[in-house]
Amino acid sequence: MATKTFAGKIIQVNDEGYFLNSSEWNKEIAVEVAKEEGIALTEKHFAVIDFIRDRVQKGEALTIRSVGKSGIIDIKGFYELFPGAPLKKATKIAGVAKPTSCV
Amino acid sequence: MSENNHALKKVSIICAKGSIEDVYAALVMANGAVMEGIETKLFFTFFGLDAITKKQMKKLHTAVLGNPAMRMPGGLPFPSLLGIIPGVEAGVSAMMKSQMEALDIPPVDEFLEMITAGGGEIYACKLAIDMFKLKKEDLSDLVKDIITVGQFYEIAGGEDSQIIFT
């Protein structure tokens with residue numbers, strides 16, 4: 001277990017940088033995590049992040065497909081917002097656990 | 001996890017068979033690579049072409065005959081004699097598809113869209129296309145090109161690249 005400081009707050013993270021307690025997250029922190037990932041967050045990013053946090057809190061499976069069906073963004077747009085590995089990056093920025101889904 | 005210097009940069013996946021499980025093995029591997037940010041090429045040949053042929057892609061089946069891993073719901077062996085009854089294979093295939101849907105695994109056409117939306121590229125094998133007398137119009141619009149095996153090897157090359165035959 002490790003800790004990282006974002007926006008002046010000490011956050012417990014795992015060794016890949018994912019938050020251990022998603023309640024420690026807030027929007028200011030998200031901006032700093034995103035910066036580490038090379039992403040400048042926009043409102044669209046936050047809409048996706050809210051969707052992800054909501055889904056994870058409800059205990060529903062999180063997949064690329066579910067984000068694509070969220071009505072917020074299509075899959076192509078999701079890849080554009082979080083280039084490279086969108087689900088991994090978006091969950092890290094959203095302060096939730098790394099997704100375990102294969103799709 | 002620390003990043004090593006030889007993380008995969010490119011995977012080229014070959015799908016040569018047309019049953020549900022063979023096609024999905026290739027699609028899941030390809031989509032998974034795209035999700036990881038790995039450059040992904042997906043190459044369909046021989047019976048695998050069914051997965052990208054407009055007429056066939058929604059009608060894939062799983063073999064109930066000659067498939068020793070086939071079992072009844074509950075785990076009992078699946079009698080071969082049952083498999084020869086018309087409609088049984090279609091029923092089993094429909095059941096497979098509904099179980100995949102429950103895990104958020106999309107139908108073939110949607111899966112191809114997901115892969116290409118993330119930057120993955122889909123190719124068809126020229127030799128098999130000629131052999132099955134197919135044309136570009138018969139294939140999904142998401143197929144980038146019909147290529148020879150030589151062209152496949154050209155695009156599959158590069159540092160930290162792997163070729164996977166499913």
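This is a predicted model: local features need pLDDT of at least 70, side-chain atom pairs count only at pLDDT 80 or more; totals for chains, interfaces and linings use all residues.
1. Now the side chains. B:Glu121, B:Tyr123 and B:Cys125 head one way from E3(B), while B:Ile122 and B:Ala124 head the other way. Every one of these is buried, B:Glu121 included. As background, side chains in a regular strand alternate between the two faces of the sheet.

2. Next, where the strand sits. Chain B has an open sheet of 5 strands, and reading across you get E4-E3-E2-E1-E5, with parallel pairing. At the edges are strand E4 (143-147) and strand E5 (161-165) of chain B, each of which pairs on one side only. On average, neighbouring strands in this sheet are turned by 20° against each other, ignoring direction.

3. On one side of strand E3 (residues 121-125) of chain B you'll find E4(B): the two run parallel and are joined by 4 bridges. Then go to B:Cys125, which has B:Ile147 of E4(B) as its bridge partner.

4. E3(B) also pairs with strand E2 (residues 39-44) of chain B, again in the parallel sense and over 4 bridges. Here the residue to look for is B:Leu42, which stands opposite B:Ile122 in E3(B). B:Ile122 is one of the buried residues from point 2.

Conventions:
Residues are numbered from 1 along each chain as its sequence is written. Chains are lettered from A and ligands numbered from 1 in the order in which they are written. Side-chain values use heavy atoms; hydrogens and water are left out. Two strands pair if DSSP finds at least two bridges between them. Axes are lines fitted to C-alpha atoms, for helices over the stretch in contact, and angles run from 0 to 180 degrees between N-to-C directions. Buried means under 20% relative accessible area, exposed over 50%, partly exposed in between (1.4 Å probe, protein chains only).
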